[in-house]
Each structure stands twice: as structure tokens, then as C-alpha cells.
Amino acid sequence: MTLIYSQLKPQKRLTYIKAKDLNRALVDSTLQDSKRKQRIGDFSLINQNNDTITQDDYKGKIYIADFFFTTCQTICPIMTEHMVEIQQELKNDPEIKLLSHSVIPTYDTPDILKKYALQKGVDDTRWNLVTGSQKEIFTLARKHYLAVQDIPGTEDDLDMVHTENFMLIDKKGYIRGYYDGTDPEAIKVLLEEIEILKMEYAPKQGWVEKLFN
């Protein structure tokens, strides 16, 4: 009976992120009152190997995303260090991938990203560092990931300040959690919640279903 109960008891599930519940400074004005589950839309970016990366490269995968830039001397090195730790911790898990977007794509060319990747120990079979047009990165950051603040009043309307957030994205592209990428304790929570999220995709226990049908 104990075994049956363990299979039947409700499992913890992660919530779905909605724009209306977030800090409004991180949300584009067109979405600030949105009650929809926040989902990452289509994208086409270039990675450190000069390959085109789209949403199809992450189809059916759980992934952790963030925003950074290679010349950052404050929070980015810590965030990257923690991403490397996550990469190592989950190195044998084919369900998990990583995705880091440069917020200064005009500087962070594929060659620059490749040099950075080699310096930091990025496994490019599962972790893409991506660049693209300023507009596309800005749109993804502000309208999809809800992860950066814009800088109004600057010469470039697409200027942005990234946060320390890591975003956990499920297999259907929905955001399921935000985590402070500079905080070791938050990284522990992220790893734990990845396991919780994976349970949503685990095969159901057919013998239990048959027992009660």
C-alpha cells in the first residue's frame, strides 16, 4: 500500500510564469497586465560556432536561459561560473540544455563568443552563446523572457540592462521559474526544480492505473 500511495499522491508542480505577476520594470508595456502563461516565441540567432540556432534546437528540451555580455566585470562572471556548474552537474542528462544571449550583440560576434566559450569551459554540444540583431535580442529579452530593463532616454531605443536572472523553460517553451544566477542557494533550488519539472514528463505508472480501472 505504501508503494501504491507513493505513486498516487499529488506531485509538486512548478507554476507557470505570467507577466502580470512580475516586476513591471522587466515587462514590456504591452504585456504588463497579461494573464497568459509566458512562452518563448520563435527566434533565429547565431552561436559561438557561427551556426544558426532556432527554437527547433530546443524543441522537446528543458533549458536554462540567461542574458549576459562578454566584457561584463560585475555579475556576468559569477553567472557564467554558475552556468558552468549547472552544465557539469547535468552533463549526463540529455533532457537539459543551456542558452545564453548577449545583450551587446554588436560587440559579441561569434568569434568573440567562441573565445569566451573556450575560456569558460562551455560544452557547445548543449550550451549555445548567441548573438543577433539588437532588435531581436531586445524583443526576446523584453517580450518573451521578461528578463531585462530597457534604458529610456538613451540614443539607442534598444539599449537594455540585463538582470541576474536565470529562466527555467519547459519542453513547450513556457517559463516555469526565475532564479538569481549569482546566488549559490538559488542555483540549488534551480537544480531541485529541474527534477520536479522532469517529473511532468515521466511515463505514468501503467500498473497503478490498471489497478484502479
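Predicted model: local features only at pLDDT ≥ 70, side-chain atom pairs only at ≥ 80, totals over all residues.
Me: Is L146 a glycine or something else?
Reply: L146 is not a glycine, although its phi is positive at about 55°.

Me: Where does L146 lie?
Reply: L146 lies in the loop between helix 4 and strand 6 (148-150).

Me: Buried or exposed, this L146?
Reply: Buried. The relative accessibility of L146 is 0%. The cut-off for buried is under 20%.

Me: Back to helix 4. How many residues does it have, and how far does it reach?
Reply: Helix 4 has 12 residues, 134-145. From first C-alpha to last, helix 4 reaches 15 Å. That is close to the 16 Å expected at 1.5 Å a residue.

Me: Which residues of helix 4 are buried?
Reply: Q134, I137, F138, L140, A141, R142, H144 and Y145.

Me: Why would residues three or four places apart point the same way?
Reply: Because an α-helix has 3.6 residues a turn. In helix 4, I137 and A141 are among the buried residues.

Me: New topic. Where does N50 sit, and what is its phi?
Reply: N50 is in the loop between strand 1 (44-47) and strand 2. Its phi is positive, near 65°, and N50 is not a glycine.

Me: And is N50 buried or exposed?
Reply: Exposed, at 55% relative accessibility. L146 has a positive phi too, but L146 is buried.

Me: Let's do salt bridges. How many does the structure hold?
Reply: The structure holds 10 salt bridges. Side chains of opposite charge can pair when their charged atoms come close.

Me: What does K20 pair with?
Reply: K20 meets D21 in a salt bridge, 2.9 Å from N to O. K20 is partly exposed at 38% relative accessibility. D21 is exposed at 52%.

Me: What about D124?
Reply: The D124 side chain meets K114 in a salt bridge, at 3.3 Å from N to O. This pair links distant parts of the chain, 10 residues apart. D124 is in the loop between helix 3 and strand 5 (127-131), while K114 is in helix 3.

Me: How exposed are D124 and K114?
Reply: D124 is partly exposed, with a relative accessible area of 31%. K114 is partly exposed as well, at 25%.

Me: Which residue does E200 bridge to?
Reply: E200 forms a salt bridge with R176. Their closest N and O atoms are 2.7 Å apart.

Me: Why does that pair tie parts of the chain together?
Reply: Because E200 lies in the loop between helix 5 and helix 6 (206-211), and R176 lies in strand 9 (residues 175-180). Those parts are 24 residues apart in sequence.

Me: Which residues join E200 and R176 in a network?
Reply: R13 and D170. Salt bridges with shared partners join R13, D170, R176 and E200 into one network.

Me: Are E200 and R176 buried or partly exposed?
Reply: One of each. R176 is buried, with a relative accessible area of 2%. E200 is partly exposed, at 22%.

Me: Switching to the surface. Which residues form the negative patch?
Reply: D42, D51, D56 and D57 form a negative surface patch.

Me: Where is D57 found, and how exposed is it?
Reply: D57 is in the loop between strand 2 (52-54) and strand 3 (62-68). D57 is partly exposed, with a relative accessible area of 33%.

Me: Now helix 3. Where is P110, and is it buried or exposed?
Reply: P110 lies in helix 3 (residues 110-120). P110 counts as buried because its relative accessibility is 17%, and the cut-off is under 20%.

Me: How far apart are P110 and N49?
Reply: They are 61 residues apart in sequence. In space, the distance is 6.4 Å, C-alpha to C-alpha.

Me: And D111?
Reply: D111 also lies in helix 3. D111 is exposed, at 64% relative accessibility. D111 and N47 are 64 residues apart in sequence and 9.3 Å apart in space, C-alpha to C-alpha.

Me: Last one. Where is E193, and is it buried or exposed?
Reply: E193 lies in helix 5 (residues 184-199). E193 is buried, with a relative accessible area of 16%. G177 is 16 residues from E193 along the chain, and their C-alpha atoms are separated by 8.5 Å.

Conventions:
Residues numbered from 1 in each chain as written. Heavy atoms only, no water. Helix = DSSP H or I, 4+ residues; strand = E, 2+ residues; numbered from the N terminus. Expected span 1.5 Å × (residues − 1). Buried < 20%, exposed > 50% of the residue type's maximum accessible area, 1.4 Å probe, protein only. Patch = residues over 30% accessible without salt bridge, like charges linked within 9 Å, V, L, I, M, F, W, Y side chains within 5 Å. Areas by Shrake-Rupley, 256 points an atom, 1.4 Å probe, with all protein chains shown as cover. Salt bridge = Lys/Arg side-chain N within 4 Å of Asp/Glu carboxyl O. Lys, Arg positive; Asp, Glu negative; His and termini not counted. Charge placed at Lys NZ, Arg CZ, Asp CG, Glu CD.
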